[in-house]
Each structure stands twice: as C-alpha cells, then as structure tokens.
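Please take a first look at the chain below.

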Amino acid sequence: QVQLVESGGGLVQPGGSLRLSCAASGSIFSVDGMGWYRQAPGKERELIADITSGDNTKYADSVKGRFTIFMDNAKNTVYLQMNSLKPEDTAVYYCNVRVHWSGSSGGWHYWGQGTQVTVSS
C-alpha cells in the first residue's frame, strides 16, 4: 500500500553534515506524521525526531540543536538535516510514516528500509 524510500546516508567525519530523505508513495493516503528513528549495534531503536502534518516537531535530547526535521507536504517527503555529527550518532536510521485513508476508522504506520550513517575520522 505504502512504500518508503530512504536516501542520504553515508560516511562522514566528526563535525560534518548529512541530510536524510524519506519519500512515501503508493495508494492515495493522508500523512498524519513522520519520524526518524535510529538503532545502533546492541541498542534498541530510539526516536530521534518527529513531525506532524501540522508541523509540530519534537527531538530527542541527544540531538537537539544539531538535527532538524522538516517535511514537504506536497511530495510526502520528510528530511532530517544532521549537523555537527558525532561518532555517537553512528547507527542505522529508519523513517516511519503514520497515514490514514479517507473513511477509515484508524491509521497505519510503515517503516523505511533503513540507511547507514557512520561518523568516523
């Protein structure tokens, strides 16, 4: 029904920047919110940033002031601008989208395939 395609990951040096993108496509739907999660080896997946269709945002304390989430509503695409990257940011980053269809009684959520971000000197 809904497919998410992530891009923008890679290898960067400490202090560098990356921009992750996540585009949702498929059947006609309405986006209620999108978020970015990350999972490092041996750790559980954690919420990094979230944005609603009304542009309300929230961030994990570990990334506040360094990461920015924003959305292009027309393209159903969410971005994560990551600045001042640290080795501790190394993880697989996953996009999540919350959607609903007209006339439905509830919503659904979908995950992207994940993209590797490695911060190393």
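This is a predicted model: local features need pLDDT of at least 70, side-chain atom pairs count only at pLDDT 80 or more; totals for chains, interfaces and linings use all residues.

Residues are numbered from 1 along each chain as its sequence is written, and side-chain values use heavy atoms, with hydrogens and water left out.

Start with the whole chain. It has eleven strands and zero helices. Both are DSSP runs numbered from the N terminus: helices are H or I with at least four residues, strands are E with at least two. The radius of gyration is 14 Å, close to the 14 Å of the globule rule for 121 residues, so the chain is as compact as a globular protein of that length. That radius is taken over C-alpha atoms, and the rule is 2.2 Å times the number of residues to the power 0.38. Along its principal axes, the C-alpha trace spans about 50 × 25 × 25 Å.

Now look inside. Of the 121 residues, 39% are buried. Buried means under 20% relative accessible area, exposed over 50%, and partly exposed in between, with a 1.4 Å probe and protein chains only. Contacts are heavy atoms within 4.5 Å. Among contacts between residues at least 6 apart in sequence, 56% join residues at least 24 apart.

Next comes a sheet. Four strands form an open sheet in the order β1-β3-β8-β7, with antiparallel pairing. Two strands pair if DSSP finds at least two bridges between them. At the edges stand β1 (2-7) and β7 (67-72), each with a single partner strand, so one side of each has no neighbour in the sheet. Strand β7 runs antiparallel to β8 (residues 77-82), and six bridges join the two. Here I69 stands opposite L80 in β8.

A disulfide is a covalent bond between the sulfur atoms of two cysteines. In this model it is counted as a pair of cysteine sulfur atoms within 2.5 Å, and the count comes to one. It joins C22 to C95, with 2.2 Å from S to S. The link of C22 and C95 is left-handed, with -85° about the S-S bond. C22 lies in strand β3 (residues 18-26) and C95 in strand β9 (residues 91-100), so the pair ties together parts that are 73 residues apart in sequence. Are these cysteines, C22 and C95, buried or exposed? C22 is buried, at 0% relative accessibility. C95 is buried too, with a relative accessible area of 0%.
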